[in-house]
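Hello,

Here is the structure I promised to pass on to you. Have a look at it first, and then read my notes alongside it.

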Amino acid sequence: MNLLMEISNGELAITATLTGITLVFAALLIARLISPKSYSVKKSEPYECGIPTRGESMIQFKAGYYIFAILFLIFDVETVFLYPWAVVTRGLGVQGLLCIAIFMFILILGLAYAWRKGALQWK
Amino acid sequence: MFDFSIVTNWVNDLLMGFLPSWAAVLVECVIIGVCVLLAYTVLALFYILYERKLCAWFQCRLGPMRVGPWGLLQVFADMFKILIKELISLKGTDRFLFKLAPYIIITSSVVMLACLPWGNGLQIIDYNIGIFFILAVSSVGVLGILLAGWASNNKYTLIGAMRSGAQMISYEISLGLALISIVVFAGTMNITDLVAEQQSAWFLFRGHIPAIIAFLIYIVAATAETNRGPFDLPEAEHELVAGYHTEYSGIHFGFFYLAEYLNLFIVSGIASLMFLGGWMPFHVPGWDGFNEIMNYIPGPVWFLAKAFFISFVIIWFKWTFPRVRIDQMLAFEWKYLMPLSLLNLVLMAVCVALGWHF
């Protein structure tokens, strides 16, 4: 049960979202009204090392993390699958436990394979 | 236990009395919005002072002392100062995404704050999949950080955002698995029901070994999830200037600051609700007099005290441990924390299926 019977959870979530937007908008408005404004070419440059920046910054970037991102996808979807199971574990007993054990075994096998292949190694 | 819904129902009846029902709902929504906003700002102000004072005490300093008694008014001075700073417009930024990022980050933390129940009947959003909803909203916050880093047109912010993305998505798995083990134990995802289950004893004590391991995993993952402590790689100032918010100035930077502190409160709040019994008082079986005295302390005080205690531990981490390297951090999650949390989940499931719990 939420705060009031008359208001649905969806309406409350929308209220909270609008509250967040209002907070940012109002604070920005106040800041724009009372903060000073000035412009200079030097000030508008990216803050890097003091010397002029070289080339674009919105580039393709070799992240050592992309394999982690792919693995994340698998394990996050796994987490989503586990939630419905988690709610009913008590009722399922040993049989449900065995079924989910097979599911998790396959996943752990996948992690072990990725580990063995060196996907978790920093390159 | 005092039921807060008496108050809300009274307000509702009062408004329904002289307004048409749609107008009453609208007014109630506005009241709720104002309350959330107030809670958000007050908590953020409190946390800024809390962190500064604790950091000072850990380093044998006094912390802010000049403005007001014990520096209590320092945060207001800081807030005013950050409002009157110039919002610098930069060359080459993606203007739309640059301005969108603070909205996403702040909004996701406001929605998460609205999901936390503070007391009996004192919750705003209460889905039956409550804890899942919170995790879903928390992953939207990552988008804001990635956008902020990408749109700034600066190499440091780009690297900071990439690191932040990798870190937050990695530790989200351990966080989720630690929370699932509690869901397995309680058999519900509704946060109010989860807390109500802890009437007799907190989950940390009822679920014995797997619950304690889950709690420890949760605290470590939450520290990483909020980009704090030894895991503050995305804003490591020795290598990345200030990470993903380098190019933000004035109140724009303030939003990131605000969201960081609120996220600290939110992860502590979730720990308090899921493991330490939320608004339920501390009871020792057999000590009836002691339990009666504990019952007199109101629920919100219990909830906030537990949340502030967890935050204290997380801040303690930050000022105790040196910052780890990025590869160490990812290896720690994928090679130790995640297999451990998977095993812990299996252990918890076995305990529940065989009835080895209190």
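Predicted model: local features only at pLDDT ≥ 70, side-chain atom pairs only at ≥ 80, totals over all residues.

**Chain A and its contact with chain B**

Chain A has two helices and zero strands. Of its 123 residues, 18% count as buried. Where the two chains meet, 61 residues come from chain A and 68 residues from chain B. Both helix H1 (9–34) and helix H2 (66–116) of chain A take part, each supplying at least two residues of the side that touches chain B. By type, that side of chain A holds 39 nonpolar, 13 polar and nine charged residues.

One residue to look at in chain A is A:Glu78, which sits in helix H2 of that chain.

**B:Leu342, a residue that touches both chains**

B:Leu342 belongs to helix H14 (residues 326–354) of chain B. It counts as buried because it has 21 C-beta neighbours inside 10 Å. From B:Leu342 to B:Lys318 the separation is 24 residues in sequence and 26 Å in space, C-alpha to C-alpha.

**Helix H2 of chain B and two of its partners**

Helix H2 (residues 21–58) of chain B packs with helix H13 (residues 299–320) of chain B at an angle of about 50°, and their axes are 10 Å apart. That angle makes H2(B) oblique to H13(B), and the crossing is right-handed. On the H2(B) side the contact is made by B:Glu51, B:Leu54, B:Cys55 and B:Phe58, and on the H13(B) side by B:Phe312, B:Ile315 and B:Trp319. Six of these residues are nonpolar, none is polar and one is charged.

How do H2(B) and helix H11 (residues 250–274) of chain B pack, and at what angle? Here the angle is about 90°, with the axes 9 Å apart, which makes H2(B) roughly perpendicular to H11(B). B:Tyr40, B:Leu43, B:Ala44, B:Tyr47 and B:Ile48 of H2(B) meet B:Leu258, B:Tyr261, B:Leu262, B:Leu264 and B:Phe265 of H11(B). The residues of this contact divide into ten nonpolar, no polar and no charged.

**Helix H9 of chain B**

Why can H9(B) be called largely enclosed by the rest of the structure? The reason is that 13 of its 18 residues are buried. The length of this helix (residues 208–225) can be checked too: at 1.5 Å a residue it should span 26 Å, and its end C-alpha atoms are 25 Å apart, which agrees. After H9(B) comes B:Asn227, whose phi is positive, near 55°.

Best wishes

Note on methods: Residues numbered from 1 in each chain as written. Chains lettered and ligands numbered in written order. Contact = placed C-beta atoms within 7 Å. Helix = DSSP H or I, 4+ residues; strand = E, 2+ residues; numbered from the N terminus. Nonpolar A, V, L, I, M, F, W, Y, C, P; charged D, E, K, R; others polar. Expected span 1.5 Å × (residues − 1). Buried ≥ 20, exposed ≤ 12 C-beta atoms within 10 Å, placed from the backbone. Axes fitted to C-alpha atoms, helices over the stretch in contact; angles between N-to-C directions. Parallel < 35°, antiparallel > 145°, perpendicular 65-115°, else oblique. Left-handed = near helix turned anticlockwise from the far one by under 90°.
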